[in-house]
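Have your viewer ready, with the selection tool at hand. We will take this one stop at a time, picking residues and looking at what lies around them.

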Amino acid sequence: MAQKPSIPKGTRDFNAVEVAKRSYIMNIIKERFELYGFQPIETPSFENSDTLMGKYGDEGDRLIFKILNSGDYLKKVSDEDYTSKDETRITSKISEKALRYDLTVPFARYVVQHQNEIEFPFKRYQIQPVWRADRPQKGRFREFYQCDADVVGSTSLFQEVEFVQLYDAVFTALDLKGVTIKINNRKILSGIAEVIGAQDKLIDFTVALDKLDKIGEEKVKEEMRSKGISEDGISKLQPLFSLEGDFGTQVESLKSILNTSEVGLKGIEELEFIDASISKLGLKTANLQLDVTLARGLNYYTGAIFEVAAPEGVKMGSIGGGGRYDDLTSIFGKPDTSGVGISFGLDRIYLVLEELNLFPETITDATKVLFINFGEKEAMACLQAVTNLRQHGVKAELYPDSAKMKKQMTHANRRNIPYVVLVGEEELNSGTYTLKNMKTGEQEKLNIQELLSTLK
RNA sequence: GUGGUUGUAGCUCAGUUGGUUAGAGCGCCUGAUUGUGGUUCAGGAGGUCGUCGGUUCGAGACCGAUCUUCCACCCCA
């Protein structure tokens, strides 16, 4: 081998155990999605560039993988373009397709494109990989899976309530106890921006506020100043920095800040409704927490915003997120269609479960019994038994070669196969099977019926 | 995209200020054991030191580039 082959950074190969663990998570998520009435759809890995570009802000555009046109992709680039060295201008000429960046925007496109076939309110889920040209870190990949559930065509706040329940149901089923579902409302953020006279700087304001628990009050204020938010405005924010206590207490102090803002008060009202409903319905293992600093960069959210944090002590970015968007489909020409959705980060949930040792042991159960191969005659008899076992749903295999017994036993051992069957000359003559339990070392002679009932 | 960090046997890592044939533990292979794996004992294989280039009489070590890992920004699942 001249040089070891490799895969691009931020991508991974998955072995059998990893695949089993991943589908364990996926299946639990899938089951809950369907339990809540969501139907699966799939969309292509790549979309037309104009479907994706401009939907995630400048930062997002930079992180979208663009696909080079096939054929003579330089023919549309003029000499002027070359000399201009204008990146975006040239990119649009040599690339017309791009890998999807998330599942929400392609879903919005899907809804608009198929609006006449869809029965609203439309609840769909989608579990597919997405790609980001990001610089990888732990829990941060360039190819990863998102598991999204969305409902469009309903403005009811019961949808938000159900999504909180859905988060709780999935993480409870995964035995991941103590996740925190953080909730905020974009309207509250707009309201605050309005009160401090920074409506036009909403994004800068929320991005700065989002960093509060990370860089502290002073640095946040500094950043706001540098973005041109007035000193007077910042001082009005003071109560925000010392926001404490339970849901109700926080809401009360928020009200005092927002009493002049209609949007802000509307946001509070929505939050209160969700909190009251959840209090009544109860959560099994998750905690619902108001977090005013929760911003989420995506600029399409308009109402509730969610983010899920791993249980305390696990260092991992958010393992889920979502929110309500009122205008997303209008970008594609279908106005007045409100949607709300949540997403699970499969790869991060995997890392968290791994760290906390929460994968069930039975997950890697593969073959249950291996028949040792003593030679052609014996193997043929074994294969008949193997066929019989398989017909009864027992995962059974015959070692293909009549290799040394030690080698065959070791093979069973390494693959964690719990039983081995020995059929030599003696068994062949008496029509019996010697079944060995690899864990205890015990073995017994059985006829085919007994073998079947033991292994079933 | 910015700044930093990492790369030596299948795995986890040693390797002194540049100086002979690059080491350990675990794993792997063979045998003790021709119908019995995990334990034990004895032996053995395996590395162009991430890659390419440079400095030097001499580079695993120094310099440059590049790829990769992880981290902090940015952003996010």
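Welcome to the tour. We begin where two helices meet, and the crossing of α7 and α15 is right-handed. Keep in mind throughout that this is a predicted model.

**Stop one: α7 and α15**

Select residues 158-173 for helix α7 and residues 262-281 for helix α15; their axes come within 9 Å and cross at roughly 50 degrees. The two helices are therefore oblique to each other.

Now show side chains. On the α7 side, pick F158, E160, V161, V164 and Q165; on the α15 side, pick F273, I274, S277, I278 and L281, and you have the residues through which the two helices meet.

**Stop two: α17 and α20**

Next, move along to residues 376-391, which form helix α17, and residues 448-455, which form helix α20. Their axes lie 11 Å apart, and the packing angle is about 45 degrees. That angle makes α17 oblique to α20. View the pair along the line between the axes to check the hand: the crossing of α17 and α20 is right-handed.

Which residues of α17 meet α20? Select A385, N388 and L389 in α17, then I448, L451, L452 and L455 in α20, to see both sides of the meeting. By class, this contact of α17 with α20 holds six nonpolar residues and one polar, with no charged residue.

**Stop three: two cysteines**

Is C382 buried or exposed? Its relative accessible area is 0%, so C382 is buried. Then jump to C147, which is buried too, with a relative accessible area of 0%. If you are wondering how many disulfides to look for, the count comes to zero, taking sulfur pairs within 2.5 Å as the rule.

**Stop four: S49**

For the last stop, centre on S49, which sits in helix α2, residues 49-52. With 11% relative accessibility, S49 falls under the 20% cut-off and so counts as buried.

What does S49 touch beyond its neighbours within four places in sequence? Show S95, E96, K97 and A98: these are its contacts.

Key:
Residues are numbered from 1 along each chain as its sequence is written. Chains are lettered from A and ligands numbered from 1 in the order in which they are written. This is a predicted model: local features need pLDDT of at least 70, side-chain atom pairs count only at pLDDT 80 or more; totals for chains, interfaces and linings use all residues. Side-chain values use heavy atoms; hydrogens and water are left out. Axes are lines fitted to C-alpha atoms, for helices over the stretch in contact, and angles run from 0 to 180 degrees between N-to-C directions. Helices (H or I, at least four residues) and strands (E, at least two) are DSSP runs, numbered from the N terminus. Angles under 35 degrees count as roughly parallel, over 145 as roughly antiparallel, 65 to 115 as roughly perpendicular and the rest as oblique. A crossing is left-handed if the near helix is turned anticlockwise from the far one by less than a right angle, and right-handed if clockwise. Contact means heavy atoms within 4.5 Å. A disulfide is a pair of cysteine sulfur atoms within 2.5 Å. Buried means under 20% relative accessible area, exposed over 50%, partly exposed in between (1.4 Å probe, protein chains only). Ala, Val, Leu, Ile, Met, Phe, Trp, Tyr, Cys and Pro count as nonpolar, Asp, Glu, Lys and Arg as charged, and the others, Gly among them, as polar.
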